[in-house]
Amino acid sequence: MKISGVDIRPGNIIEYEKGIWKVAKIQHTQPGKGGAYMQVEMKNLQDGRKTNVRFRSADTVEKVRLDTQDYQFLYEDGEMLVFMDQDTYEQINLPSDLLGDARPFLQDGMQVQLELWEEKPISVQLPQQIEAEIVEADAVVKGQTASSSYKPAVLDNGVRIMVPPHIGSGTRIIVDVYEQTYVGKAS
């Protein structure tokens, strides 16, 4: 399936220069002169190379269709992560770097989707949003307005994110795993 260069999102698997690449980060830029473009940081899923590429809206890339299979995360064994097939109870070991920046959000027993290309696991998809607890939050600076100001906070998995001023330590929140941003308070 062909998609426009500006429709690329983190987590997408695309075909680029005869390789299979996973999009790690994107930055949409609109310079004062010239057309807008998407700066895309991606990692080759076959050999681990990383690259930065600029895609304009006129550029198209092939979004790769991968087979997906449900697995459950069991435990970490050194640099390897152990997953279990939900149907056959077969276990598979995968390197932890397959998760990239989402690695700290992986929790014991979490249901994940392994993406397979030619029957070989090349990517692990975590749920888009997870629940986490704030363990440390900076104090609110007096005079800041609630609408636009955020303060740094540390989650129970060690990741630093920005949260609204009313969120304090011990609060359970919903976090976007791939953007690493605050979504809302957990109910």
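Residues are numbered from 1 along each chain as its sequence is written, and side-chain values use heavy atoms, with hydrogens and water left out. Since this is a predicted model, local features need pLDDT of at least 70 and side-chain atom pairs count only at pLDDT 80 or more, while totals for chains, interfaces and linings use all residues.

**View 1. Tyr16, Trp21 and Phe55 form a cluster linked by ring pairs.** A pair of aromatic rings is described by the distance of the centres and the angle of the planes. Rings of Phe, Tyr and Trp (its six-membered ring) pair if their centres lie within 6.5 Å; planes under 30 degrees apart are stacked, over 60 edge-to-face, and the rest tilted. The structure has three aromatic pairs. In one of them, Tyr16 and Trp21 have ring centres 6.3 Å apart and planes at 75°, so they sit edge-to-face. Tyr16 and Phe55 are also edge-to-face, because their planes are at 75°, with centres 5.7 Å apart. Tyr16 belongs to strand β2 (residues 13-16) and Phe55 to strand β5 (residues 50-56), so this pair ties together parts 39 residues apart in sequence. Strands (E, at least two residues) are DSSP runs, numbered from the N terminus.

Trp21 is buried at 3%, and Phe55 is buried at 4%. (Buried means under 20% relative accessible area, exposed over 50%, and partly exposed in between, using a 1.4 Å probe and protein chains only.)

**View 2. Here is Lys43, in strand β4 (residues 37-44).** Lys43 is partly exposed, with a relative accessible area of 22%. Which residues does Lys43 touch, leaving aside those up to four places away in sequence? They are Ile20, Trp21, Lys22, Gly48, Arg49, Lys50 and Asp97, where contact means heavy atoms within 4.5 Å. Lys22 is 21 residues from Lys43 in sequence, but the two are 5.3 Å apart in space, C-alpha to C-alpha.

**View 3. Glu17 and Gln180 each have a positive phi.** Most residues other than glycine have a negative phi. Glu17 has a phi of about 50° and is found in the loop between β2 and β3 (19-29). At 63% relative accessibility, Glu17 is exposed. Gln180 has a phi near 55° and sits in the loop between β15 (172-176) and β16 (181-185). Gln180 is partly exposed, at 25%.

**View 4. The largest pocket has a volume of about 660 Å³.** Of its 29 lining residues, Lys22, Ala24, Leu99, Gly100 and Asp101 are the closest to the centre. The elements giving two or more residues to the lining are β3, β4, β9 (91-95) and β11 (120-125), and β3 gives the largest share, five residues. (On a 1 Å grid over the protein atoms alone, a pocket is an open set of points where a 1.4 Å probe fits, with protein on both sides within 12 Å along at least five of seven lines; lining residues have an atom within 4 Å of a point. Grid points are joined across faces, edges and corners, and the volume is the space filled by probe spheres set on the points.)

**View 5. The second largest pocket has a volume of about 170 Å³.** Its lining includes Gly11, Lys63, Arg65 and Gln125. Domain 1 (2-63) and domain 2 (67-125) each give at least three residues to this lining, with domain bounds coming from an automatic or database assignment.

Definitions and conventions: Helices (H or I, at least four residues) and strands (E, at least two) are DSSP runs, numbered from the N terminus.
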